[in-house]
Amino acid sequence: MKYGDTYALEGVTLDVPKGDFLAIMGPNGAGKSTLLKTILGLAPLVRGSVRVFGKDPYKQRSEIAKKIGYVPQRENVNDEVPLRAIDVVMMGLIEGMRPQREEALMDKALKALEEVGLVDVAYKTYRELSGGQKQRVLIARAIVSKPELLLLDEPFSALDAQSSRTVARLLKKYNDEGTTIILVTHDITPIANDVKRVALLNKKLIAVGEPLKIFTKENLLKTYGVEVPVLVQGRLCIPLIGDQHGR
Ligand SMILES: Nc1ncnc2c1ncn2[C@@H]1O[C@H](COP(=O)(O)OP(=O)(O)OP(=O)(O)O)[C@@H](O)[C@H]1O
């Protein structure tokens, strides 16, 4: 994976089985977002290959897009058009799906907003929502089509503790029902007991596996260049590592 002359990712081999709940962690600029974009066929691939549901996302994106829900790290929904929260969520139903009645779409969008705890702002315009509310609307847009694969780029970054818990519970529920989840996060606390695997990334894949086996002093030093405590009273707990890198 290369932007201009610089490699963002090199020599990464990663298999994600169906039903996995994988957290990708690493310092700023480690290539985490790039890795998610690779799954969508959106990052520049110089060598190697990617297969998603057995298909090449760089050549067959439209065939797999409807099975994937994606929450980008940041997204500017067009501010000129006064879209309501419910309209933004409905966008997740329109792409690549067969035509449905407006009421059926609205019904599904309202249910998704309810799942992220935002049904009360459904008819507010998106631009007047807070940062954390916008982020949850984008999560609702990603889940509304009941995708087989959910990709989330820092879903907790703008959320308060209660909203983080709501979203974490939602992800656990979807994963229990069979949805494969791959998310990028600097803070594993909200999902520490739910993730099945963690991948530590710093341009290369440092380690991947069960959290307790992966968070070794050696792996963390290799990934972040600093020691970070990971066990507090026997529970997985990582401080906001991103803060040490200027966030
Ligand atoms: N569109 C782009 N054009 C040029 N360089 C890019 C582009 N996107 C990312 N990069 C570079 O690729 C590298 C990896 O970026 P990426 O966004 O994948 O990192 P990240 O691990 O998600 O970081 P963060 O934790 O800061 O979000 C960085 O050096 C970044 O500057």
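Analyst: A word on naming comes first: helices are DSSP runs of H or I with at least four residues, strands are runs of E with at least two, and both are numbered from the N terminus. Please also note that this is a predicted model. On that naming, glutamate 154 is placed in the loop between S5 and H6.

User: Buried or exposed, how does glutamate 154 count?

Analyst: Glutamate 154 counts as buried, because 20 C-beta neighbours lie inside 10 Å of it. The cut-off for buried is 20 or more.

User: Let us step back. How many helices and strands does the protein have?

Analyst: The secondary structure comes to eight helices and ten strands. The protein has 247 residues, of which 38% count as buried. Of the contacts between residues at least 6 apart in sequence, 65% join residues at least 24 apart.

User: In what order do the strands of the open sheet come?

Analyst: The order is S4-S5-S6-S3-S7-S8, six strands with mixed pairing. At the edges are strand S4 (68-71) and strand S8 (204-209), each of which pairs on one side only. From one strand to the next, the twist averages 15°.

User: How many bridges lie between S4 and S5, and in which sense do they pair?

Analyst: There are four bridges, and the two strands pair in the parallel sense. Within that pairing, valine 71 stands opposite leucine 152 in S5.

User: And which way do S5 and S6 run?

Analyst: S5 and strand S6 (residues 180-184) run parallel and are joined by five bridges. Leucine 149 has threonine 180 in S6 as its bridge partner.

User: Why is S5 described as largely enclosed?

Analyst: Strand S5 (residues 149-153) has four of its five residues buried, so the rest of the structure largely encloses it.

User: What about S3: how many of its residues are buried?

Analyst: Four of the five residues of S3 are buried, so to speak a mostly covered strand. S3 pairs with S6 in the parallel sense over four bridges, and isoleucine 24 stands opposite valine 184 in S6. Strand S3 (residues 21-25) also runs parallel to strand S7 (residues 197-202), with four bridges joining them. There, methionine 25 stands opposite leucine 200 in S7.

User: New topic: which residues are around the ligand?

Analyst: They are Tyr3, Ala8, Gly26, Asn28, Gly29, Ala30, Gly31, Lys32, Ser33, Thr34 and Gln73. By class, the shell has three nonpolar, seven polar and one charged residues.

User: Which helix gives the most to that shell?

Analyst: Helix H1 (residues 32-39) gives the most, with three residues.

User: How many residues of H1 are buried?

Analyst: Seven of its eight residues are buried, so H1 is largely enclosed by the rest of the structure. The buried ones are Lys32, Thr34, Leu35, Leu36, Lys37, Thr38 and Ile39.

User: Against which strands do the buried residues of H1 pack?

Analyst: They pack against S3, S5, S6 and S7. Just after H1, glycine 41 adopts a positive phi of about 70°.

User: What is phi for lysine 203?

Analyst: The phi of lysine 203 is near 65°, which is positive in a residue other than glycine. Lysine 203 is located in the loop between S7 and S8. It counts as partly exposed, because it has 19 C-beta neighbours inside 10 Å.

User: Which residues is glutamate 10 in contact with, leaving aside its neighbours within four places in sequence?

Analyst: Glutamate 10 is in contact with Lys203 and Lys204. The loop between strand S2 (6-7) and S3 holds glutamate 10. This glutamate counts as partly exposed, because it has 14 C-beta neighbours inside 10 Å.

User: How far is glutamate 10 from valine 46?

Analyst: Their C-alpha atoms are separated by 9.8 Å, while the two residues are 36 residues apart along the chain.

Conventions: Residues numbered from 1 in each chain as written. Predicted model: local features only at pLDDT ≥ 70, side-chain atom pairs only at ≥ 80, totals over all residues. Near = placed C-beta within 6 Å. Nonpolar A, V, L, I, M, F, W, Y, C, P; charged D, E, K, R; others polar. Pairing = 2+ DSSP bridges. Axes fitted to C-alpha atoms, helices over the stretch in contact; angles between N-to-C directions. Buried ≥ 20, exposed ≤ 12 C-beta atoms within 10 Å, placed from the backbone. Contact = placed C-beta atoms within 7 Å.
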